[in-house]
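This report describes the nonpolar cores and the salt bridges of one protein model. The sequence and structure come first.

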Amino acid sequence: MTTRVAIVGGTGKLGGIIRSVVESEDGFEVHATLSSRDDIALIDGADLVVDASTPAVSVDVVRAAVERGINILIGTSGWSSERIALVRPLVDAAGTGAVFIPNFSLGSVLGSALAAAAAPFFPSAEIVEAHRDTKVDSPSGTAVRTAELIAAARTEQGPVLAPHVDQRARGQQVASVPVHSLRRPGVIARQETILSGAGESLTIVHDTVDSAAAYAPGIRLALQHAVGARGVIVGLDSFIDIGIGGR
């Protein structure tokens, strides 16, 4: 059986990569390619919706898919745990699946997991993330996910130490972790998580240098699991055994 996929935001950079993967993957076919401004009714008849739109549009795309009883895979950035919590009851009531993927890169997932594993051992943690200047949202979904994982790993220790966060130059606090966002030309995606303690620090860096090559394996994995998903699922790490404690 072939899974018919409607891609919202399919005319954008990430959407184009997703479309190429769908077209090359056995058992999947592109049912419709929508821009963020197209009539959402074009997803009718799809077996799976993939959302690669914009943060402002994404919530409407999710609702439209859920209302139609269609599973959805969300690659759009800007979905914090609080925002996901708002749509969880809708997904549960519909009996469908919504898979949120902050980053399709397996290396990025490993970087976030390493940061979470190390977080209980360091009182301080900060994130510096950089994306191309055309990225419309900040902080990135990956940075938000990493910060939330760090906070979850520090349940016993409490929030990270973050002095002077009342000053705007100290970044935006996400789950108590200061996040600093750079938007500049000449970069695809880069994230540094800096964990510090007495007399030492640990820096975990992930660079994306070729987005198509980096994202394709994760997109394939997410597509395969999103088709039969039930309820809300967050992160590629839900589908793979990373083998790292502290998550």
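A salt bridge is a side-chain nitrogen of Lys or Arg within 4 Å of a carboxyl oxygen of Asp or Glu. In this predicted model, a search of the whole structure finds nine salt bridges. Three of them are listed here.

| Salt bridge | Closest N to O distance |
|---|---|
| Asp47 and Arg4 | 3.0 Å |
| Arg68 and Asp44 | 2.5 Å |

Asp47 is partly exposed, at 23% relative accessible area, and Arg4 is partly exposed at 34%.

Asp44 is also in the loop between β2 and β3, while Arg68 is in the loop between α2 (55-67) and β4 (71-74); the pair therefore ties together parts 24 residues apart in sequence. Arg68 is partly exposed at 35% relative accessibility, as is Asp44 at 41%.

Arg190 and Glu192 belong to a network of salt bridges that also links Asp207.

The largest nonpolar core has 28 residues; those touching the most other members are Ile18, Leu73, Val99, Ile101, Phe104, Ile219 and Leu223. At least two residues of this core come from each of β1 (3-8), α1 (13-24), β3 (48-51), α4 (106-118) and α6 (211-226). Helix α6 gives the largest share, seven residues. Leaving aside residues up to four places away in sequence, Leu223 touches Val21, Val22, Phe28, Leu48, Val50 and Leu73.

A second, separate core holds 23 residues, including Ala6, Ala46, Ala98 and Phe100.

Key. Residues are numbered from 1 along each chain as its sequence is written. This is a predicted model: local features need pLDDT of at least 70, side-chain atom pairs count only at pLDDT 80 or more; totals for chains, interfaces and linings use all residues. Side-chain values use heavy atoms; hydrogens and water are left out. A nonpolar core is a set of buried Ala, Val, Leu, Ile, Met, Phe, Trp, Tyr and Cys residues joined through side-chain atoms within 4.5 Å. Buried means under 20% relative accessible area, exposed over 50%, partly exposed in between (1.4 Å probe, protein chains only). Helices (H or I, at least four residues) and strands (E, at least two) are DSSP runs, numbered from the N terminus. Contact means heavy atoms within 4.5 Å.
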